[in-house]
Amino acid sequence: MCGSALASGPCGADAVRPLVESVLGALQEGRRERGGPLPAGGPAVVAARVARALDEVLPEEGDPGALGELVRVLAAGAADPADPWCAAHLHCPPLAVAVAADLAVSVLNPSLDSWDQAPSASALEGVVTRALAREAGMAEALVTSGGTEANQLAVLLAREACGPGVRLVCGENAHHSLSRAAWLFGLPEPLVVPAPGGVLGASVLEGVLSEVAGPALVAATAGTTDAGLIDPLPEVAAACARFGARLHVDAAYGGGLLFSGRYRGLLVGLEAADSVALDLHKLGWQPAAAGLFAVREAGDLAVLGQRADYLSAADDVEAGLPDLLGRSLRTTRRPDVFKVAVTLRVLGRAGLGALVDRVCAGAREFAGLVAAHPGFELFGPPVISTVVFRPVGVGDDIVAEVRRRLLVEGRAVLGRARLGGRLWFKVTLLNPRVRDGEWAGLLRLVEGQLR
Ligand SMILES: *Cc1c(COP(=O)(O)O)cnc(C)c1O
């Protein structure tokens with residue numbers, strides 16, 4: 001019965017401890033094998049290594065060594081966000097303490113679809129989500145799998161509040177999940193507002209709103225995926241108020257600025273939103289998933305109410321057992337909020353704020369190097385922790401090719417962004433532990449590819 005010990009129960013710790021040790025060892029081995037921010041050789045080489053390790057997916061007889069072996073292969077083929085040159089996406093290196101907290105969740109396996117599967121996890125979720133909602137000027141929040149699900153809930157709630165004809169109005173800088181949510185929930189084709197400088201302009205938005213016949217849901221972005229820019233929230237909110245439009249702010253990226261005394265002022269206006277999306281698996285250093293959907297009026301969430309006799313019978317609810325089904329569109333649901341609760345308590349506002357400040361400072365340092373270099377141009381000064389730049393005097397094809405070459409050789413993971421009609425390199429800095437000289441080295445690496 002090798003390998004079939006349980007993680008919880010009286011012998012759980014004894015079963016898990018040596019396995020965790022072997023996982024940690026295999027992670028080290030795999031990382032050494034990889035040697036850089038991602039595996040060298042590209043998709044075919046990685047796929048071949050995986051295929052070798054998994055020559056039989058379901059062997060007739062089990063192999064206890066498969067844990068270490070597969071963890072080693074996973075790590076050897078990982079894009080490691082803890083490497084400073086792995087900086088393409090809003091893909092953060094998770095905090096050790098959050099990962100350890102998540103282990104407790106995996107062991108106990110609470111499920112947030114009914115109180116009798118998650119007594120303290122559900123109570124904790126209520127306390128933590130309300131506190132985080134208040135940070136954003138909202139009343140209540142639900143836990144989501146990320147910004148995508150939060151944006152879907154925003155669109156769904158707008159449909160319930162305003163009717164199925166509600167028109168989504170968003171900038172061309174908005175996240176793709178918003179227009180997809182409009183499609184998913186059967187709304188009319190969204191109106192996409194041009195944002196040539198990377199952010200919504202309030203007067204352009206007003207022009208568009210003045211032409212919308214029925215109800216509108218405006219989606220603004222605090223921390224655009226491409227450039228890390230923040231739409232002018234107070235002006236956008238004023239335009240929405242003038243035209244009676246609902247306002248959702250997608251702060252999946254920028255929401256983490258709330259932890260920083262230095263940067264939280266960038267989010268002024270957030271409190272005027274009807275709903276807010278916030279991802280702590282970005283500027284919050286959580287392992288995925290750690291999303292939040294916050295609303296200004298807690299009553300708005302009532303439309304998500306749902307009953308199933310086996311999970312939330314009316315007599316159980318009357319007798320005082322909390323009804324959890326209305327807190328998500330999912331049923332079985334892992335308490336992703338637990339690692340968040342632990343992180344908030346262990347680091348405190350000061351600790352999290354310092355991490356935010358450090359990545360924002362890193363972006364300013366890197367942008368300074370780019371600006372001072374005659375061979376590169378900067379799209380604009382970083383607002384959060386994204387730096388968008390390109391080499392001077394080369395075509396988009398070269399930018400695309402250099403990015404791919406660095407990926408395939410396993411040397412750096414840079415992002416790409418199409419802005420103002422041109423293709424740029426994008427560096428999204430979410431690693432707070434970067435040593436001196438790493439950014440200069442990254443710029444030299446890119447420069448070397450252009451010769
Ligand atoms: C990341 C991101 C999303 C999507 O969030 P997921 O957590 O990947 O679902 C949505 N909007 C913005 C602005 C984002 O940065």
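Tutor: Let's take helix 2, which has 12 residues and reaches 17 Å from its first C-alpha to its last. That is close to the 16 Å expected at 1.5 Å a residue. Please keep in mind that this is a predicted model.

Now for the inward side. The buried residues of helix 2 are G42, V46 and A53. Seen down the axis of helix 2, these buried residues fall within an arc of 40°, so they line one face of the helix. What lies over them? The cover of the buried residues of helix 2 includes helix 3 and helix 13, the latter spanning 396–408.

The face of helix 2 turned away from its buried side carries P43, A44 and R52, which are exposed.

Helix 2 covers 42–53, helix 3 covers 66–76, and L54 sits in the loop between them. L54 is partly exposed: its relative accessible area is 34%, and buried would mean under 20%, exposed over 50%. L54 also takes part in a nonpolar surface patch of about 480 Å², which it makes together with V50, V57, L58 and L70. Of these patch members, V50 belongs to helix 2, whose range is 42–53, and L70 to helix 3, whose range is 66–76.

So helix 2 has one face lined by its buried residues, while P43, A44 and R52 are exposed on the face turned away from that side.

How values were computed
Residues are numbered from 1 along each chain as its sequence is written. This is a predicted model: local features need pLDDT of at least 70, side-chain atom pairs count only at pLDDT 80 or more; totals for chains, interfaces and linings use all residues. Side-chain values use heavy atoms; hydrogens and water are left out. Patches are made of residues with over 30% relative accessible area and no salt bridge: like charges are joined within 9 Å, nonpolar side chains (Val, Leu, Ile, Met, Phe, Trp, Tyr) within 5 Å. Accessible areas come from the Shrake-Rupley method with a 1.4 Å probe; for residues, only the protein chains shown count as cover. A salt bridge is a side-chain nitrogen of Lys or Arg within 4 Å of a carboxyl oxygen of Asp or Glu. Helices (H or I, at least four residues) and strands (E, at least two) are DSSP runs, numbered from the N terminus. Buried means under 20% relative accessible area, exposed over 50%, partly exposed in between (1.4 Å probe, protein chains only). The expected span of a helix is 1.5 Å times one less than its number of residues. The arc is that of the directions from the helix axis to the C-beta atoms. Contact means heavy atoms within 4.5 Å.
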